[in-house]
Amino acid sequence: MTHTVGVLGATGAVGQRLIQLLDPHPEFEIACLTASPESAGRPYRDAAKWRISTPIPEDVAEITVAETDPEAVPDDVDMLFSSLPSSVGERVEPDFAEAGYVVSSNSSNQRMAPDVPLVIPEVNADHLAMLEVQRDERGWDGALVKNPNCSTITMVPTLAALDTFGLSRVHVATLQAVSGAGYSGVTSMEIIDNAVPHIGGEEEKMESESRKLLGAFDGAELSLHDATVSASCNRIPTLDGHLENVWAETEEEASAEDAIEAMETYDSIDLPSSPDPLIHVFEEPERPQPRLDRERENGMQICAGGVRESETGLQYNCLAHNTLRGAAGASVLNGELLAEQGYI
């Protein structure tokens, strides 16, 4: 069955990635694109400065961009994928949900709201049931679902695998690609021959979102995971692919071999965009690397390596493509889950 979909914030970096993924998708058909008032009323070909390596899809190029307003979106659109700036998403996404649209959003606003599912389908698909609480409390006919921050989504699947040993404490240092800041987010003079040891708000997102994703939903409310998470986030001059160094402590003693087996055998999910296996663990100690490994399984696989025992527990590295697995691909995957579970 094909579902009619739209993209909110279609001219931006993540919006373009969404179009790249949705145009050939077997279950979704793009029918609506929205952007700022400056872009509205123009063919998408003229409104967007296309920066993806693959050509702009011809059928999408001719779509007239609409304003980001529920009244400008056709009623027969089944689902909307949002890549809006969080300041805009905070204001308009609830309006779309109230108007009856199901919104799968990459924007950071409301990720930690108690009635908004924050979902990685392979990790916590059961949290989608929170939508029943959301609809009851807010009186919405539509729904709002979030995927996590791009750095969070890189690490959490590996933590979920290790939680079989009772995850208690996590420290992570990230080496994040410049595409995570958007096309105008970091200037060349800032990042070339440099590393920036601060990304505003990123550490707090990793620390809070991880505990929500790994938490438990009892049908009425969600309890955050008990593990403590500490993050240090750094911007480095790679284009795509967030590499992260993780130190994990578990309640049960786990060897490096135990950790590798837990990651390699961690279940995927039967959705078109989900890779199988979800996590690939490299034997080579120098892998994963952004340039070599970010495109695995269409950019949707989590890579790990360098797994070893430390004085406090386990230490390893992990990597994911930040604009595919960490952003647009994550929203599409959540859209697939929403469709499978009958929310659209």
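Q: Which residue in E14 is the bridge partner of Arg308?
A: The partner of Arg308 is Gln315. Bear in mind that this is a predicted model.

Q: How do E13 and E14 pair, parallel or antiparallel?
A: They pair in the antiparallel sense, over five bridges. E14 covers residues 314–320, and a hairpin of four residues joins E13 to E14.

Q: And E12 with E13, parallel or antiparallel?
A: That pair is parallel, with three bridges. E12 is residues 279–281, and Val281 has Ala304 of E13 as its bridge partner.

Q: Is E13 mostly covered or mostly open?
A: Mostly covered: of the eight residues in E13 (302–309), six are buried.

Q: What sheet do these strands belong to?
A: An open sheet of six strands, in the order E10-E7-E11-E14-E13-E12. The pairing in this sheet is mixed.

Q: Which strands are at the edges?
A: E10 (228–235) and E12. Each has a single partner strand, so one side of each has no neighbour in the sheet. From one strand to the next, the twist averages 20°.

Q: What does E10 pair with?
A: E10 pairs with E7 (residues 167–176), in the parallel sense and over eight bridges. Arg169 stands opposite Thr228 of E10.

Q: Which strands does H7 touch on this sheet?
A: H7 packs on the sheet and touches E7, E10, E11 (242–250), E12, E13 and E14. The direction of H7 makes about 35° with that of E11.

Q: And H9?
A: H9 packs on the sheet as well, touching E7, E10 and E11. The direction of H9 makes about 145° with that of E10.

Q: How do H7 and H9 sit relative to each other?
A: H7 (residues 150–162) and H9 (residues 202–213) pack at an angle of about 40°, and their axes are 9 Å apart. H7 and H9 are therefore oblique to each other. Their crossing is right-handed.

Q: Which residues make that contact?
A: From H7, Cys150, Ser151, Thr152, Met155 and Val156. From H9, Glu202, Lys205, Met206, Glu209, Ser210 and Leu213. By class, the contact of H7 with H9 has five nonpolar, three polar and three charged residues.

Q: What about H7 and H10, at what angle do they cross?
A: Roughly 115°, and their axes come within 8 Å. H10 is residues 256–264. This crossing of H7 and H10 is right-handed.

Q: Which residues are in contact there?
A: Thr158, Ala161 and Leu162 of H7, with Ala259, Ala262 and Met263 of H10. The residues of this contact divide into five nonpolar, one polar and no charged.

Q: Change of topic. What is the sheet with E1 in it like?
A: It is an open sheet of six strands, ordered E3-E2-E1-E4-E5-E6, and the pairing is parallel. E3 (66–67) and E6 (143–146) stand at the edges, each with a single partner strand, so one side of each is left without a neighbour in the sheet.

Q: How many bridges are there between E4 and E5?
A: Four, in the parallel sense, between E4 (residues 79–82) and E5 (residues 102–105). Phe81 stands opposite Ser104 in E5. H6 (residues 130–138) packs on the sheet and touches E5 and E6, its direction making about 135° with that of E6.

Q: Is Ser104 buried or exposed?
A: Buried, with a relative accessible area of 0%.

Q: Which strands does H1 lie across?
A: H1 (residues 13–22) lies across E1 (3–8), E2 (28–35) and E4. H1 runs at about 160° to E1.

Q: And His3, where is that found?
A: His3 is in strand E1. His3 has a relative accessible area of 6%, so it is buried. Not counting residues up to four places away in sequence, His3 touches Glu27, Phe28, Glu29, Asp78, Ala339 and Ile344.

Q: Last one: which helix is Gly89 in?
A: Gly89 is in H4 (residues 86–98). Gly89 is buried, with a relative accessible area of 0%. The C-alpha atoms of Gly89 and Gln110 are separated by 9.1 Å, with the two residues 21 apart along the chain.

Notes
Residues are numbered from 1 along each chain as its sequence is written. This is a predicted model: local features need pLDDT of at least 70, side-chain atom pairs count only at pLDDT 80 or more; totals for chains, interfaces and linings use all residues. Side-chain values use heavy atoms; hydrogens and water are left out. Buried means under 20% relative accessible area, exposed over 50%, partly exposed in between (1.4 Å probe, protein chains only). Helices (H or I, at least four residues) and strands (E, at least two) are DSSP runs, numbered from the N terminus. Two strands pair if DSSP finds at least two bridges between them. Axes are lines fitted to C-alpha atoms, for helices over the stretch in contact, and angles run from 0 to 180 degrees between N-to-C directions. Angles under 35 degrees count as roughly parallel, over 145 as roughly antiparallel, 65 to 115 as roughly perpendicular and the rest as oblique. A crossing is left-handed if the near helix is turned anticlockwise from the far one by less than a right angle, and right-handed if clockwise. Contact means heavy atoms within 4.5 Å. Ala, Val, Leu, Ile, Met, Phe, Trp, Tyr, Cys and Pro count as nonpolar, Asp, Glu, Lys and Arg as charged, and the others, Gly among them, as polar.
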